[in-house]
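Please look through the structure below with this report beside it.

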Amino acid sequence: MTEATLVDAINRTLDQALADDPRVLLLGEDIGRNGGVFRVTAGLQARHGAERVIDTPLSEAGFVGAAIGLCLAGFRPVVEIQFDAFVYPAFEQLVSHAARFRWRTAGRYGLPMVVRLPYGGGTRAPELHSDSPETLFSHVPGLRVVAPSDPAGAGPLLLAAIACEDPVVFMEPKRLYRRGRQPVPERVTPAPLDRAVTVRPGRDLTLVAHGAMVEVAVAAAERLAEDGAAVGVLDLRSLYPLDRDALVEAATETGRVLVIHEAPRHCGLGAEIAALLQEYAADRLLAPVLRVAGADMPFPLLRNEDDYLPGCAAVVERAHLLLDY
Amino acid sequence: MTEAAQTDQPTAPGAQLLAGAHTVLGAPAALRDRLLREVPQPRLLDLYRGLCRLRAFDDRALTLQRQGRIGTYATYRGEEAVQAGSVLALTDRDWVFPTYRQGAVVTLRGVAPEVPLLLWSGHPGGWHDVHRSRVAPICVPVATNLPHAVGAAWGARLRGETWVALGFAGDGATSEGDFHEACNLAAVMEAPAIIVVTNNQWAISTPISAQTRVTRIADKAAAYGMPGVRVDGFDVVACHQVVSAAAARARAGGGPTLVEAVCYRLGPHGTADEPSLYRDQAAARAWEPMEPVARTTTALVAAGVASPAELEAIREELATEHRDLGRAIEAVPAWTAAELAGTVHDPTPWTLGPEGLAGPVRL
Ligand SMILES: Cc1ncc(C[n+]2csc(CCOP(=O)(O)OP(=O)(O)O)c2C)c(N)n1
Ligand SMILES: [Mg+2]
């Protein structure tokens, strides 16, 4: 075991995948010598060569599209998008092509590609460096979308994404990149790609979150515990498909569910989770499902970040509404 | 326009790119001085002011960033010549479409420097008045502003008006689809557009050699059926001449021009970047003699256009004008969430009103 930050954990897992499987390639902007703008790929080009850790021209549509062709040529490309919003030029390649490949081969062939997407706010970055576009992808049939929330969980999830025969969008909550260390094993083993994880059990209320919001949920649960409420936290990890069984189980245990996400509220994951619980656990819900989410606005410039980001206070306030229901 | 042999070009790697680029300040001294004396003196001083205005802003912004008083900042030190030369070659009726690298060109259109600085501090008061200045908001995703410039220019033609639109891009941006689509559309629609590519030879850590297999970005123009012009990007006078000619051509119905301003990124990509990780900083330092404020000062003095004292007075005046900007922006009250929510749509839907922002108050 070694202590690793989220950045280290992803770096070590990529290193392991490159060492274990010659079909794995990394591509993206500034990922080679520079090691990526977040240093997630630091040292990997030196170790595995410039033919496997590849600096691309500034051309997201081009290299995400090329990843599809690389899959056909027998590779397993792991593409880094430099920041959340810069995936938009590649949207067509993901939506119209990567997502539909298995469908277009009558179920015969998938595309074993991963798109790594540093996402989310709270880093005081310029415009379009703080978006949370997970819903845009979770809405597209044919894509899997996952998001780790800590160093220990990131490696196994990433390895599973790389092993997956279908395209996976791997969302990295960048504000947690260097947030803290956790022990990670020398060799990572893959986790299931479609399972939520109970971070904290509860009896009175379940907070459902993913990525950087898990931390907020845990802080809120601790605060609520001071008020005598036993509040659980469920970390989704898989954003598509949702872990229905874990969600229904949580609803069964607590009867009260509050979903937290940073992406705008409208048509966000909270809406899907609320609908799913209506469909599968209506008789177990003791209160309506509520959401704490980003407002329906572009992510604000840095001085207003905290007005936008779901925080502990907002979660506690909404939680009380549910607990008192 | 005069093509002249370079004299003061550096021996740095990449300097050969300047060969054949239109230059005035890079001409042999006697020729340079004669060429400068052919330009009306007030215009030269205007260009000099433009350079110094942009530099004063950049200096101040870098200081404030180091003090933690603004956010991540994209310095353009060394690129003042292409920015001031291009924008000052236009009339106030012409539109400009900047990127994050041209964060202060609005100040060349009379917008107070507090405004773009507020933007870098992360305050929505930093969104300047786009229609009054005819400068579009800066675009962060590279090359995405170019189709906008082309559309505006196309609009001028549809209206039968004679203004033009100029869009900026970097060398890295030329690898994006939007660059190609913008160039092609501009040519096909005969849009009076000018696309200025600042070839500073780096896109963060990616050198131009890893970006494209042509050595001259201007050569790409041929593929779209428009002229491509290369200019010394450290030369404010040459940039002004090249963009003036492109604008005159566009106004006369001659269609778009691709301008490649050859220079070098003297500083880091931005304040979060560490260039020593990926490039030889000695090579970067070898480009320092081309730094446009000092280079222009030397040339204007040598040509007898202005005295050192006169030029120093201009620099001083502009530095003074920018001195208290930090305090000025800090005095601007933050916007509330409600104020911000009122800027997404007009009229504001309930989702961004008090109820929508807070969620249900009662269950
Ligand atoms: C579509 C897109 N992808 C990635 C980025 C991240 N990024 C910001 S600037 C930059 C390099 C741009 O290089 P260049 O076009 O040469 O302009 P310069 O920064 O040198 O002015 C990159 C990759 C971005 N802004 N937009
Ligand atoms: Mg560049």
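How much area is buried between domain 1 of chain A and domain 2 of chain A?

## Basis of the report

This is a predicted model, in which local features need pLDDT of at least 70 and side-chain atom pairs count only at pLDDT 80 or more, while totals for chains, interfaces and linings use all residues. Residues are numbered from 1 along each chain as its sequence is written, chains are lettered from A and ligands numbered from 1 in the order in which they are written, and side-chain values use heavy atoms, with hydrogens and water left out.

## The two domains of chain A

Chain A is divided into domain 1 (2-184) and domain 2 (197-323), with bounds that come from an automatic or database domain assignment. The area buried between domain 1 of chain A and domain 2 of chain A is about 2,000 Å², and carbon and sulfur atoms give 53% of it; buried area here is the accessible area (1.4 Å probe) that two parts lose on being put together, summed over both. On the side of domain 1 of chain A, Arg124(A), Ser149(A) and Arg175(A) supply 23% of the area buried against domain 2 of chain A, more than any other three residues.

The C-alpha centres of these two domains of chain A lie 26 Å apart, and 28 residues of domain 1 are in contact with 23 residues of domain 2, where contact means heavy atoms within 4.5 Å. Two salt bridges are counted between the domains, a salt bridge being a side-chain nitrogen of Lys or Arg within 4 Å of a carboxyl oxygen of Asp or Glu. Glu215(A) forms a salt bridge with Arg179(A), and the closest N and O atoms of this pair are 2.8 Å apart.

## Cis peptide bonds

Most residues other than glycine have a negative phi, and most peptide bonds are trans. In chain A, however, a cis peptide bond with omega of about -5° joins Tyr240(A) and Pro241(A). In chain B, the peptide bond from Asp346(B) to Pro347(B) is also cis, with omega near 0°.

## Positive phi in chain B

Ala143(B) is not a glycine, yet its phi is positive, at about 75°. Ala143(B) is buried, with a relative accessible area of 2%, where buried means under 20%, exposed over 50% and partly exposed in between (1.4 Å probe, protein chains only).

Gln201(B), likewise a residue other than glycine, has a positive phi near 70°, and Gln201(B) counts as buried at 6% relative accessibility.
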